[in-house]
Amino acid sequence: MTVRHLVVALCVLSLAGCASAPTTPPAPESSFELKWREHREQVSGIHQWHLSGRIGIRTDDTGGSANLRWKRVEGQDQIDLFGPLGGGRIRLDIDSAGARLRDSQGQEFYADNASEVMFKATGWYLPLEVLGDWIRGIPAAGPHESEIDEAGKLISLNQNGWTITFNEYAPHQQALLPRKIRLSASEGVINELASRNQISGKQLLVKLYIDEWTPTADVTELDQ
């Protein structure tokens, strides 16, 4: 059994209505909604982590995969990809100043955001600006549509033109976090990327399998 939520920014201003209409009390939360709120609050509190796993990307024309290691420490991200997807090995460093990528040949690429520098260096597109929320099984900031299960965990999420499916969770230090995630870009996202020559074809799929999560306030510092 599941329950669906639609979060939509809506503002209606009517002075006459405000003066005369009685205040309607909010509907009580269902057990699903209560569990989801509790779970979301717990997972949203994870601001640092060290995870490892695998990632695959597929379009109509091609596909690739890589082993993944991702550290987040004090608002800084360090993502390592090992394998064909990264052309051997790449390191991506992200902070408030922008993003820097170093490839297996030692070349360095810079951009204002991580998605842009990833595409510039590898030719692959990933929604890295919001992926840090999605991999925790929570929406990023902004409008979204979600489906939760009876335990209060996300089953699916529609946000920013992507459909994210959470196929499996696993416990990690008392927190349930996603293990298998599938991201599918909408036609609108694909058309926008195609207009910028960042993709060809009608399909963009990303699959993540997370082997190990270490959500903690004591993650070691980023590698140099």
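Start with the core. The largest nonpolar core takes in 55 residues, and Ile-135 and Trp-162 have the most contacts inside it. A nonpolar core here is a set of buried Ala, Val, Leu, Ile, Met, Phe, Trp, Tyr and Cys residues joined through side-chain atoms within 4.5 Å. "Buried" means under 20% relative accessible area, "exposed" means over 50%, and "partly exposed" is what lies in between, with a 1.4 Å probe and protein chains only.

Before going further, a word on the source: this is a predicted model, in which local features need pLDDT of at least 70 and side-chain atom pairs count only at pLDDT 80 or more, while totals for chains, interfaces and linings use all residues. Residues are numbered from 1 along each chain as its sequence is written, and side-chain values use heavy atoms, with hydrogens and water left out.

**The overall picture**

The protein's secondary structure comes to five helices and 12 strands. These are DSSP runs numbered from the N terminus: H or I with at least four residues for helices, E with at least two for strands. Of the 224 residues in the protein, 45% are buried. The protein exposes about 12200 Å², and carbon and sulfur atoms supply 50% of that; the areas come from the Shrake-Rupley method with a 1.4 Å probe, and for residues only the protein chains shown count as cover. Take the contacts (heavy atoms within 4.5 Å) between residues at least 6 apart in sequence: 50% of them join residues at least 24 apart.

**Ile-135 and the tryptophans**

What does Ile-135 touch, leaving aside its neighbours within four places in sequence? Its contacts are Trp-49, Leu-51, Trp-70, Pro-178, Ile-181, Leu-208, Ile-210 and Trp-213.

Three of those names come back when you look at the rings. A pair of aromatic rings is described by the distance of the centres and the angle of the planes. Rings of Phe, Tyr and Trp (its six-membered ring) pair if their centres lie within 6.5 Å; planes under 30 degrees apart count as stacked, over 60 as edge-to-face and the rest as tilted. The structure holds three aromatic pairs. In one of them, the ring centres of Trp-49 and Trp-70 are 5.9 Å apart and the planes stand at 65°, so the pair is edge-to-face. Trp-49 sits in strand S2 (residues 49-59) and Trp-70 in strand S3 (residues 63-73), so this pair ties together parts that are 21 residues apart in sequence. Trp-49 counts as buried because its relative accessibility is 0%, and Trp-70 counts as buried at 2%.

Trp-49 also pairs with Trp-213, again edge-to-face, at 5.7 Å centre to centre and 70° between the planes. This pair links distant parts of the chain, with Trp-49 in strand S2 and Trp-213 in strand S12 (residues 204-215), 164 residues apart. Trp-213 is buried, like Trp-49. Together, Trp-49, Trp-70 and Trp-213 form one aromatic cluster.

**Charged partners**

A salt bridge is a side-chain nitrogen of Lys or Arg within 4 Å of a carboxyl oxygen of Asp or Glu. By that rule the count is 13, and the table shows some of them.

| Salt bridge | Closest N and O atoms |
|---|---|
| Asp-80 and Arg-91 | 2.8 Å |
| Arg-100 and Asp-93 | 3.2 Å |
| Arg-136 and Asp-133 | 2.7 Å |

Asp-80 lies in strand S4 (residues 76-83) and Arg-91 in strand S5 (residues 88-95), so their bridge ties together parts 11 residues apart in sequence. Asp-80 counts as buried at 1% relative accessibility, and Arg-91 does too at 6%. Asp-80 and Arg-91 also belong to a network of salt bridges with Arg-69 and Arg-89.

Is Arg-100 buried or partly exposed? Arg-100 is partly exposed, with a relative accessible area of 30%, while Asp-93 is buried at 14%. Both Arg-136 and Asp-133 are buried.

**Two serines**

Ser-146 is in strand S8 (residues 144-149) and counts as buried at 2% relative accessibility. Its C-alpha lies 4.4 Å from that of Leu-157, 11 residues apart in sequence.

Ser-115 belongs to helix H3 (residues 114-122) and counts as buried at 3% relative accessibility. Not counting residues up to four places away in sequence, Ser-115 touches Tyr-125, Leu-126, Pro-127, Leu-128 and Glu-129.
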